[in-house]
Amino acid sequence: MIALALSGGGSRAIAFHLGCFRALNNSGVLQKTAVISAVSGGSVIAAMYSNWDDSFNEFDHRVQDMLRHGLLKGILRHFIFSPKLLTDVLLTNLISRPVAFVAMLFRQQPPFRRWASRTDALEAALRDLFGSMTIGQVKRPNLDVILNACELRTGTAFRFGNKRSGSWRFGEIKDNNIPVAHAVACSAAHPLFFPAFDREYSFSKGRERTIITDGGVYDNLGLSCLEPGRNQTYTLHVYNPDYIICCDAGYGQFSGKKIPYGFISRTNAAFGSIFRKNQDSSYKRLHLYKEMGLIKGFVLPYLGQIDTALPFQPPDLVRREDIFDYPTDFSSMHEKDIDLLARRGEQLTRILLSYYCPNI
């Protein structure tokens, strides 16, 4: 079994992963992939691939077109021009939030849900892309897809899958007829920019209120549900892949040029530090699994890869410094940036796949 993990990273991740998809498609590995586990921006492209059955070239063009337009304009349009959304946001800020503050003073839990926020505008923009598709409507044959989020009440993974969705703490969602747009929005709701979804679901263990945010808070690589030796008692998703291809759209080491002074820059730097430390542990586990014989091999195309550490370098390699520090958001992208990020993803995947797993 071949498993593919797609990291978060906004539009930067989507463009980088598109290049990884190209290399995997050209090598024939994509067609043999049995499961895709994705986070945030990775969830966008994973759903764009899995929920259509068009040719790879058509998929490639759809992704490029989406990147050129971006999601930000759609988010703003839905937030500003949707009367119901604006009303619900207003009621949340006039009623739910003040009551929650008073409840906190008396050491009580917020009694009212967050009825709406700009995260609902993100979901609406994604609905423009995915329409009424549901998470179970995967069109690619013999493929499972997992879109990873994080549930903040329990601090555990919350996963939307084409076969099962939910978390081990709350159980499985009874009706998995969940819109793709909602699942992707949950996975991509970066807590600095998008408030967590405050929703109730009917689980196998009963109806529960959930607070769901970006999957990168728990695991920005989407690797955890693919790791061997998982216990079904504590997870809804268990896979035992022979090979793991983990595409990481992270920057790598900080350049040291920026001074995190204000609240947002400090928080961004703190999140980045936590993500990188957590990812270091994930990389180490991949090496251990290979050494212990629990997997046959893995490939780690990494946007922030130090070029001199590659087994070989083609003369036309897109260098790390050519794309370093591209922002993590869903703004529209210039053609040049899409090309650079995608070509680097394609080149790194091709180099590492041929060197470390030539017989995959």
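**Burial, pockets and backbone features of a predicted model**

Gly161 is buried, with a relative accessible area of 0%. Buried here means under 20% relative accessible area, exposed means over 50%, and partly exposed falls in between (1.4 Å probe, protein chains only). The model is predicted: local features need pLDDT of at least 70, side-chain atom pairs count only at pLDDT 80 or more, and totals for chains, interfaces and linings use all residues. Residues are numbered from 1 along each chain as its sequence is written, and side-chain values use heavy atoms, with hydrogens and water left out.

Gly161 belongs to strand S4 (residues 156–161). Strands (E, at least two residues) and helices (H or I, at least four) are DSSP runs, numbered from the N terminus. Beyond residues up to four places away in sequence, Gly161 touches Ile135, Val145, Ile146, Asn176 and His237. Contact means heavy atoms within 4.5 Å. Gly161 and Arg266 are separated by 105 residues in sequence. Their C-alpha atoms are 34 Å apart in space.

The protein chain contains 11 helices and 10 strands. Its radius of gyration is 20 Å, close to the 21 Å that the globule rule gives for 360 residues, so the chain is as compact as a globular protein of that length. The radius is taken over C-alpha atoms, and the rule is 2.2 Å times the number of residues to the power 0.38. Along its principal axes, the C-alpha trace spans about 60 × 45 × 40 Å. Of the 360 residues, 55% are buried. Among contacts between residues at least 6 apart in sequence, 74% join residues at least 24 apart. The accessible surface comes to about 16900 Å². Carbon and sulfur atoms account for 54% of that surface. Areas were computed by the Shrake-Rupley method with a 1.4 Å probe; for residues, only the protein chains shown count as cover.

Pockets and cavities were searched on a 1 Å grid over the protein atoms alone. A pocket is an open set of points with protein on both sides within 12 Å along at least five of seven lines. A cavity is a set of points where a 1.4 Å probe fits but cannot get out. Lining residues have an atom within 4 Å of a point. Grid points are joined across faces, edges and corners, and a volume is the space filled by probe spheres set on the points.

The largest pocket holds about 1200 Å³ of space. Helix H1 (10–27), helix H4 (72–81), helix H8 (216–219) and H9 are the elements that give two or more residues to its lining. The lining comprises 47 residues, with Arg12, His190, Tyr251, Asn268 and Thr328 nearest the centre of the pocket. H9 gives the most, with 8 residues. By class, the lining has 20 nonpolar, 18 polar and 9 charged residues. Ala, Val, Leu, Ile, Met, Phe, Trp, Tyr, Cys and Pro count as nonpolar; Asp, Glu, Lys and Arg count as charged; the others, Gly among them, count as polar.

The second largest pocket has a volume of about 510 Å³. Its lining comprises 21 residues. Tyr283, His287, Leu300, Tyr302 and Gln305 lie nearest its centre. H9, strand S10 (297–299) and helix H11 (335–356) each supply at least two lining residues. Again H9 gives the most, here with 6 residues. The lining divides into 11 nonpolar, 6 polar and 4 charged residues.

Helix H9 (residues 263–291) also holds Ser282. Ser282 is buried, with a relative accessible area of 4%. Apart from neighbours within four places in sequence, Ser282 is in contact with Leu221 and Leu223.

The whole structure has 1 cavity of 30 Å³ or more. The volume of the largest cavity is about 50 Å³. Arg114, Trp115, Ala116, Ser117, Asp120, Pro195, Ala196, Phe197, Asp198 and Arg199 form its lining. Strand S7 (residues 197–203) gives the most, with 3 residues. By class, 5 lining residues are nonpolar, 1 is polar and 4 are charged.

Arg107 has a positive phi of about 55° although it is not a glycine. Arg107 sits in the loop between helix H5 (83–105) and helix H6 (118–130). At 78% relative accessibility, Arg107 counts as exposed. Asn142, also not a glycine, has a positive phi of about 55°. Asn142 is placed in the loop between H6 and strand S3 (144–151). With a relative accessible area of 74%, Asn142 is exposed.
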